[in-house]
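This report describes the fold and the charge pairing of one protein model.

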Amino acid sequence: MRLFQNLCAFARARKGLAAVEFALLAPMMVFVLFASVDLLDALGANRRAQNVASSLADVVARDTEVSSDEVSGIWAAANVLMFPDDGSNMDLRVTSIMIENANTARVVWSERHNNGFVTLSPGSTITLPSAMMTPGTSIIMADARFAYHPPLGFLFGDGIPLSHTSYRRSRLVDPIPRVS
């Protein structure tokens, strides 16, 4: 009988209930906090990588010719655009493409930064979305690949690859020539 009374008294007791609830919920709340830090940082890095691809294509599409000094400046600008991430190890490629007819697009020139992309050979054919296949025009294609490493590693572990491709039509000349 005494045991039953003690169990009933224990069931009615409310002291320490908040501490027990906190002990059960705290690990989950900490996980959600750390995971949200990783997720928000990954989304920011992804947006910056997409901005790099768009900016590279846009800058080249506004030119009448592309020199080696300009290409070096473009690679340096990518590091600035990726701040606060380190963009120096980012793989980049800029390619000028001439569209001959509704089915054929050929590479005019291609430049890469780091070793993540293959430089496309001049004269080789490339597949583009059908909406871009306007004969007699040219396209600047910029590829950006960034190996994202999260600050905490809670949600994405060792990291995730972020990759973006951006297209811009040449604005002044078709195609934009590559000069030394």
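The model is predicted: local features need pLDDT of at least 70, side-chain atom pairs count only at pLDDT 80 or more, and totals for chains, interfaces and linings use all residues. Residues are numbered from 1 along each chain as its sequence is written, and side-chain values use heavy atoms, with hydrogens and water left out.

Three helices and four strands make up the secondary structure, in the order α-α-α-β-β-β-β; helices (H or I, at least four residues) and strands (E, at least two) are DSSP runs numbered from the N terminus. The radius of gyration is 27 Å, well over the 16 Å of the globule rule for 180 residues, so the protein is more spread out than a compact globule. That radius is taken over C-alpha atoms, and the rule is 2.2 Å times the number of residues to the power 0.38.

The whole structure holds six salt bridges, each a side-chain nitrogen of Lys or Arg within 4 Å of a carboxyl oxygen of Asp or Glu. Three of them are listed here.

| Pair | N to O distance |
|---|---|
| Arg62 and Asp58 | 3.1 Å |
| Arg171 and Asp58 | 2.7 Å |
| Asp143 and Arg93 | 2.8 Å |

Arg171 follows β4 (160–169) whereas Asp58 belongs to helix α2 (residues 17–61), so their pair ties together parts 113 residues apart in sequence. Asp143 in strand β3 (residues 138–148) and Arg93 in strand β1 (residues 91–101) are 50 residues apart. Asp143 is buried at 3% relative accessible area, and Arg93 is buried at 12%; buried means under 20%, exposed over 50%, and partly exposed in between (1.4 Å probe, protein chains only). Shared partners join Asp58, Arg62 and Arg171 into one network.
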